[in-house]
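Trainee: I am new to this structure. Can you show me how to read it?
Mentor: Gladly. Take a look first.

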Amino acid sequence: MTNGFAKKIVAFSLAILLMIASKALVSADPGKENFTRRYEYEPGVFSDVRDTDWFYGNVVSVYEYGLMNGKGNSRFDTEGNITIAEACTIAARLNAIYTSGSDTFEKTEPWYQVYVDYCTRHGILAVEPDDLTVPATRKLFAAILAHSLPGEELPEINYVGTDSIPDVKMVDEFADEIYMLYRAGITIGADANGTYNPDKYIKRSEVAAIVTRMVDPSLRKEIILGGTFAEVFVSPDADASVADGSESKPYRTLDAAREAVRAIDRSRYQGINVILKSGVYPLTSTVEFTAEDSGTSRCRIRYIGEEGTVLNGGTIVANSDFVPASGDAMQYFPEKVRDELLMLDLSKYGYTAEGLAADMASVSGYADRAANISVNGVKMELARYPDSAKNIEDGWVEITGGEFRDKYGNYTALTDNDPDTEHHPVSILLAVPQEVIDRARTWHAATTDVRTVGRLTYLWAHDNSVIEDIDTSNNLIKVKYVGAYYPKEGGIIYFYNIPEELDSPNEYYIDPETTALYYYPSDDMRTAVLSIPKLDAPVITFSGAEYISFESMRIENGRDHAVKGEGNNIILKDLLISDFVNAIALRGSHNLITLCTIHDITDTAVIVEGGDTSSLTKAETKVYNNLLYRWGVGTATLTYAIQNKGCGITVSHNEMFDAKSLAMNSDGNLHVIEYNKMYDVAKLFNEGGVFGDGGSMAYGTVLRYNLVMHAGAYGFSRNITPMGVQGITVDCDCSGLTIYGNIIYDVTGYGIGIAGGRDHIMHDNLFVATSPYALAIDGREYVGYFKGGNEWPGEGWAEIRAAVNPAWREAFPVLAQVVVDESQARENDANLVISPGGCSFTSNFIFFDKVRIGEWGLKYIYAIDGADMMSTFEDPTAVVYSSKRSGHPPLEECVEKAQEAINLPSSEVSKIGRVMSDWE
């Protein structure tokens, strides 16, 4: 072992001179396998050590290894300093166990003398200090500990360059030992820069962490200090024949850069930066990143775009390719617009008649995979009837009847799904008004190309189909497919891909036989920016990759995802994503999506998943500080700006607005949804929740300090199920949410709707102009909603029965009391697994409204042995204003009044919305 003290004389502030000699450690069977856990740590052994503390596992380990104990009075003294004597004691125990497997020492006076003598005898100390009871500095502790194990047990795993520790230079005392511990991953400093603070005293909690890393190499930390950054350059204008990745000879494609990065030794660099020069990178295939492309925790790989960098999964259309319309299809277009129509030959851009026909025949795609063209960032719309350009009330055809009930005369769910189409190949007759039939008689392609889109059963259930036949004698339209439910009266649809309806600006029609696209322009086509999504796969995929970032670039125009896959420690930062079916779908842990702007997405914009709900292992993934608008432009039901699934995901400080669809959906446990701003959403139909959680047990998830406002389709009366848009919907048997500090302002439905769950805690929320009530809660689970009338809990509770394992019982004590075997439960047992037991709605502030317990809930909660199923609904403070929408008081005034009565801190309200910073 190198003797660090042979190079210098060490002076102590207390005039103590320590000489560390180089002496071989001799043992018959030395090795780190001698370290075994000899004691069992019981919770509460140390009153000042909590399981949420960063050092909790370290304290448990040093206690169980017998290397450190407490300071008396059931305290570990985590913030206390360690003395030089205690440092010698730890070093002696480490060395003795390693060399002989035993740390049995005779008692001496003073108690630490035997350990000091051992250190001196085994070359850890050569001279005994005069006073060993004073605190050890961080540099002295490093000097002692570094020599407690032989050098081969402290191999270098980190690159720490000469003089790269900010406050420790190589000429400083104990520098050799400090640098050795850094390079071995035993300590990496007090901050991201690697600052060591050598002259400060070391805390016992820090000692516990360092000692456990000495014993267990798997806990050692990675860091690079003083390393350089490797750089690889890419340019869409590069000459690929001479490219070497340098700035003067960049690669031409991302694939080439990725291959070059694979050959770079990660251990030599602090990071690898792939710089994408400004320009458009056309992508005809997916760029895939596997485990082979991963960075490390100390060497992240960053793909960074210069200003103007665009990854394009489509094709830019030449404006000159639009020519005055002609051809056989002209006879079908309305005469009044024929002279204004333009035509584009899609075969120039790789489309075939067969491909277009397949796109248009997609049952589940709602034409979002057809050759849609964006004009100045706004997608064209297939010619439709009725026109969407009219007001929302007139844009639909109402179903007035038809042959769609089951043999009992009831509406019911279908069970014969076609696995290839995810629709039911069942022909259904829909009765529609006479004027619709009269209009349909003019459609030449009614039985071949015309399609329907709508909500046949529920407003939340999107459906589409193909017209099979039109019975003009009986005013019936026959369709080939239906969704999960039979249609019913009041359902609404519209028809599209009809040349006779090409009568509004920005509409188009594709003739699949000629590959001609006909367009009624809404912009000056001489200067418009036109693009066609082409790539049928994600632009970027991750397959087991780690420590990769994509930053500061635009990703646009694709017929699938912009980013999709599975990986850990992935960062997507400052991206502008538009014109995809989905923007991001990312599974894994410790991922971060931040500072992104995402818009014009056909379906859900961001889907994040990770963690394990059974063991309650958190994903630690964050969706932070993003701007999202115009998602769900193709399928406006069951699509969201953000959807999180799994366990332990944080969604915070995001702004979501301007969408026909809903804003957020959550599934799983221990999520934190906070400081988000959601407004001008759910503008198409009056049903659903701006934030929704349903279909799983949500115990441990917290929804706090979010703002929901201006949600719902005002003026839309054709509702199959006219519930209105709710600020927060907790659907089916979802249970266990904590909801507080939220502001719900101006929504067409309830503020909060609880539909079948239990154990929801709701307090200190502000409700303004929720219609008709701030809270609606029902007991559908108890009344047998999920079992067709059976009095016992529905099938949805099978999940909670399976989930009540030891981890859940420990984390959620309320579940320990829940009866999961219905054969052992009494009908009047408050702990029976039914809803809405255990709910609490207290200390909320409500403008205009009174709390209502829903009709089902009111009927059944109080019918059970006179009990209320542990639910608490106190009278909230109410301030009455005009109930007319035009009479809403300003939001600021509502917040101010609420803060006089409930706990709605200004410091928290002020945090709502985006912030101009990275994740901290």
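Mentor: Start with a term: contact means heavy atoms within 4.5 Å. Also keep in mind that this is a predicted model.

Trainee: Which residues does I373 touch, leaving out residues up to four places away in sequence?
Mentor: I373 touches F322, L344, V378, K379, M380, L517, L530, S531 and I532.

Trainee: Where is I373 found?
Mentor: I373 sits in the loop between α8 (353-360) and β12 (374-375).

Trainee: Is I373 buried or exposed?
Mentor: Buried means under 20% relative accessible area. I373 has 0% relative accessibility, so I373 counts as buried.

Trainee: How many residues apart in sequence are I373 and S531?
Mentor: They are 158 residues apart in sequence. In space, C-alpha to C-alpha, I373 and S531 are 5.5 Å apart.

Trainee: What share of the chain's contacts with a separation of 6 or more comes from residues 24 or more positions apart?
Mentor: Such pairs account for 70% of those contacts.

Trainee: Now a helix. Which residues of α7 are buried?
Mentor: Helix α7 covers residues 254-262, and its buried residues are L254, A257, R258, A260 and V261. Seen down the axis of α7, these fall within an arc of 160°, so they line one face of the helix.

Trainee: What do the buried residues of α7 pack against?
Mentor: They pack against strands, namely β3 (228-234), β4 (269-276), β6 (287-290), β7 (300-305) and β8 (309-312).

Trainee: How many helices and strands does the protein chain have?
Mentor: The chain has 14 helices and 55 strands. Of its 920 residues, 57% count as buried.

Note on methods:
Residues are numbered from 1 along each chain as its sequence is written. This is a predicted model: local features need pLDDT of at least 70, side-chain atom pairs count only at pLDDT 80 or more; totals for chains, interfaces and linings use all residues. Side-chain values use heavy atoms; hydrogens and water are left out. Buried means under 20% relative accessible area, exposed over 50%, partly exposed in between (1.4 Å probe, protein chains only). Helices (H or I, at least four residues) and strands (E, at least two) are DSSP runs, numbered from the N terminus. The arc is that of the directions from the helix axis to the C-beta atoms.
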